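Please read the points below with the structure open beside them. They begin with a question and then go through helix packing, domains, the interface and confidence.

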Amino acid sequence: MITLLTAHLVAAAGAPALVRLLDRRAFLVLALVPAASFAWLLPQVTDRDVVRQDVAWVPGLGLDISLRLGEISGPFSLLVTGVGALVLFYCGWYFKPGDTELWRFGAVFTAFAGAMLGLVLSDNVYLLYVFWELTTVLSYLLVGHNPERRANRRAAMNALLVTTLGGLAMLAGLVILHLTSGSPLLSEIVADPPEPTTAVQVAVALALVGAVSKSALVPFHFWLPGAMAAPTPVSAYLHAAAMVKAGIFLVAVLAPAFADLAWWRPVLVTLGLVTMVVGGLRALRQYDVKLLLAYGTVSQLGFLTLVASIGTRSAAVAGLAMVVAHALFKSTLFLVVGIIDRSAGTRDLRDLSGLWRLLPWPFAAAVVAGASMAGIPPTFGFVAKEAVLASVEDLGADTGAGWGAVALAGIVVGTILTVAYTARFVWGAFATKADVPACDIVRRSPWFVVAPVVLAAASIVAGFSGPWFTSILARAGQAYPAGAHELELTLWHGVNLPLLLSLTTLVLGVALFVARRPVAALQHAMTDRLPMPDAEQAYYAAVRGVERVSIELTGRVQRGSLPFYLGTIIVVLALVPGSMLVRAFALNDGEMRLDLADRPAQVVVVALVVAAAIAAVRSRRRLRAVLLVGVTGYGTAVLFVLHGAPDLALTQVLVETFLLVTFVLVLRRLPPFFSERPFTADRWIRVTAGVVVGGVVAGLALLTATSRTAEPIGPQFAEPTVSYGGGYNIVNITLVDIRAWDTLGELSVLVVAATGVASLIHLLTDRAERITRVPAGSGSQRWLQRVEAVRSARRSVVFEVVTRLVFHAVIMYSIYLMLVGHYEPGGGFAGGLIAGLALMVRYLVGGRQELDAAAPVDAGLVLGLGLAVAALAGLLPTLLGGGVLQSAIIDIPLGPFGELHLVTSVFFDIGVYLVVIGLALDVLRSLGGGIDQHVADEDRAVGV
Amino acid sequence: MSVDLALIVAIGVLVACGTTLVLERSLSRILVGFVLLSNGVNLFFIVASGPPGAAPIVGASDERMADPLPQAMALTAIVITLGVTAFGLALAYRTWQLEGHDDVQDDVEDALVIRRAERDDTSASFDEVDASLPEEEGADLPRVEDDVTQEPDGGPR
């Protein structure tokens, strides 16, 4: 069975290519998948075996791929695959050749068929939910097939919202059922149902909300007529075999276990009856024959749910028979509507006339299917309806319910309406109307009518195969105790109550059709004068309400002001940790001790840092502020050294230097002062906020440093650093090995930031174009050949020559620093930053051409290469059977040179090194060279 | 347990100054504040990790070594600060290029949402309901009336 589902999935994935290759005929190939599934399933179902397949997926959650082909899922799966295959076949002629959206449709439809098959085969409740929501999402795409129309979008959205809402309720119910019964398998839950505690009753009710919304019962019925915005084959499949049948499937599956709950039958039978009557009444008023059928489906779904929910042996069998009958006749009718639509160009029954003569085969199919819908022999619809009437007649005897007669009367009323709208459909679509000119039609391929004719024929063949169906469907009744009568699906039972009722409904239904004009007037008067509850309006009001709440909430919290957001964060920081801080200090038991300073040098450095930071805040000149921040940065580096963090200090110094120059490169273009505005009272608010936050953070630092209770894990890294990190520098081994995942994430951040910088300045996506290549043979052998580009007034020969002399040495040193990082302070970050600084000096000497000469590569290439190297260094070990980012230590003997001690995490470090260089290159090319270019362009523009 | 007062003061002042600047409107000032903040927070990490010690390099010293784990975290943070600040600078430059200043303005879209909220409106993407039923693709759908109100004679033809 997993093979069947996989085949659908593969077909869906291949559908776009197939449609591109074969256009609309691709559907014939796609139809093979459900057809083959049907062929495989048929003998399994007729052999009456239960087929199971179990594959563990997430056993911890009870989520496993448990498939079960059983009493109820058997007939359903045959419908899903059989009707699915014929509808796909029909699609091969339905669509216009060369439809550009067809590739998507083919994929989504095939996937939808697969999801529906998975739904009926699922035995695991969570798997059922997954497929359930898959059909929801895919039907959303199918209904919204033509998204340019607003009405289609809304219909799709309604279907999505309503069925998802129900689906979520169902999930909650299924989770409770799983937890209370102890098994996630539907078959086990039903075989051994949990005690009907309040929780279980709520769970069943929630699951039924899902079923009711999916099967478009009142009050959720409105989404289904809207969903006929979909292309007609979708409607045929959706209404007949898929999607809406999911709710009935769920009711039928749960009924053996829960039908005896006190509220189950009254609630579901009432909902079913109301839906049946409401749908029938509205169907009577439709002009659009497709909409007429859609409301007819609503009515029929009410009927089917009613029967499926009764939960007696005969009703279970009759319900399944009715599901089969409905699938056969409703798909036929929809496909016929599609043919009418494509041939006559309209579906409005006021414009259709004389089609019975022009479209004889579709007419014949519609008459047979209509007869089945109205319950006229010898169709299967008649057989099934007789069975339903018989089982409802026995309702009192089988369950002790006293309202069996009421249900029977309700069904009769609904059936009368069914007969009337069936007559309206056949008459409206095909009859020759006196006051309507006969339609002109476009002749279509004879293959177009094959699918509906086959389905209509099936309605008749099935009508004569009652005993065969009885033998297959009777299995579903085994879950119930034997009833008053053993049900037999057959055309002739003798003269009994069901037959008399059938005759009555036929006569009254035809009378209702003949009297359609006064009936419509009466209906109109009723809906006009009486206040009718309108579920659709209530739904729209609810959606609008949610919209309004979200807008109000967004308007309140998303003010769009950066200071407002930061202020919120600061207030929370001051209040929450601040209050805890006050409490902690109040409880201070004298453990906390403050020393002035461990090392006197600290006091000097801290004084410098403090003074620089305060001066930076006071500074109105941008450049001065930046230089002062630089002082705090170098001061921090010294504090790191004093604390025993040489790696940190090294990185801090390099970053601070790089950042300082970068700031200067940008600020040279900005006005020298931050703002011309005078300081206002706002400033004091900010300063107060700053002082409060500073105080809280300082207090937290004091508290955290003095109230450690657990042993730090950091020093324990020493052992693994040597044993499997293969080095001595714990910090660096932590970065590239022990906690390499963090570093990999950080590299991604750097790549994104660098790309952001480049795209903001250059507004180009292709970085490669911006590198000025050194033209071959134009003095490329000369020293500092690019420097001519700098105007002589800004040249510094000493600077040039020194740069020349040290550049290569510095690059060598950066590589050394990267490699030595395993043993001493250094590593990829420090090495990359040193190389970046070397490039920066080259840029400062000779501008962007000099930079391009020094590094004639695209920064994006370096970034990507670095990230790829790091990622590969992480992934390769998994191919060799290790864990992600695992490193190995290899000692390679080099003869007289001793031994090469290679730790594979060095490759990860190379990736880090490259990413940092790429970042530096991007920053220099953009904020350096890019801004130079802008300056030059501006100068040229003003004629300098 | 003892802790160094000087470092606590440094953290407090760096964070206070950083916060003050970050609350400004000028992007370059915000970035200056951001760097101050990150220096302060990195120091916080180191101080919180425990007392100073020898460099965390195995075999380099017999003294008790400082905790290496927060150092690795702070090292990551320092480099990220570089990347983010560079991005912020590019933003500042771009804003200046387009607007003539580098002040962070209030978000226009958010202002629109606020105005909608004040007018009791729905969001721009909300489709109001209209009475007509959806059309089907391909078919230029004719009169689909759900109700007979449009029919003067009160019934289908």
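1. Which residues in H3(A) meet which residues in H10(A)? In this predicted model, the H3(A) side consists of Val83(A), Gly84(A), Val87(A), Tyr90(A), Cys91(A) and Tyr94(A), and these meet Thr232(A), Pro233(A), Ala236(A), Tyr237(A) and Ala240(A) in H10(A). Sorted by class, the residues of this contact are nine nonpolar and two polar, with no charged residue among them.

2. As for the geometry of that pair, helix H3 of chain A covers residues 73–94 and helix H10 of chain A covers residues 232–240. Their axes lie 9 Å apart and the packing angle is about 170°. Because angles over 145 degrees count as roughly antiparallel, H3(A) is described as roughly antiparallel to H10(A).

3. A second pair to look at in chain A is helix H14 (residues 313–344) with helix H20 (residues 450–464), which pack at an angle of about 150° with their axes 8 Å apart. That angle makes H14(A) roughly antiparallel to H20(A), and the crossing of the two helices is left-handed.

4. On the H14(A) side, this second contact is made by Val324(A), Leu328(A), Phe329(A), Ser331(A), Thr332(A), Leu335(A) and Val336(A), while H20(A) contributes Ala451(A), Pro452(A), Leu455(A), Ala456(A), Ala458(A), Ser459(A) and Ala462(A). The contact of H14(A) with H20(A) has eleven nonpolar and three polar residues, and no charged ones.

5. At the level of domains, the assignment for chain A gives domain 1 as residues 269–543, whereas domain 2 is made up of the segments 716–773, 783–789 and 844–944. Taken over C-alpha atoms, the centres of domain 1 of chain A and domain 2 of chain A are separated by 70 Å.

6. Between the chains, 140 residues of chain A are in contact with 108 residues of chain B. Helix H29 of chain A (residues 681–706) supplies the largest share of the chain A side, namely 15 residues. By class, the side of chain A that touches chain B comprises 75 nonpolar, 34 polar and 31 charged residues.

7. On confidence, the predictor assigns the complex an ipTM of 0.81 and a pTM of 0.73. Chain B has an average pLDDT of 78, and 79% of its residues score at least 70. Over residues 131–157 of chain B, however, pLDDT stays under 50, although the model has 56 contacts beyond four places in sequence for that stretch. Where pLDDT is low, the predicted coordinates should not be read in detail.

Key
Residues numbered from 1 in each chain as written. Chains lettered and ligands numbered in written order. Predicted model: local features only at pLDDT ≥ 70, side-chain atom pairs only at ≥ 80, totals over all residues. Contact = placed C-beta atoms within 7 Å. Helix = DSSP H or I, 4+ residues; strand = E, 2+ residues; numbered from the N terminus. Nonpolar A, V, L, I, M, F, W, Y, C, P; charged D, E, K, R; others polar. Domains from an automatic or database assignment. Axes fitted to C-alpha atoms, helices over the stretch in contact; angles between N-to-C directions. Parallel < 35°, antiparallel > 145°, perpendicular 65-115°, else oblique. Left-handed = near helix turned anticlockwise from the far one by under 90°. pLDDT = per-residue confidence, 0-100.
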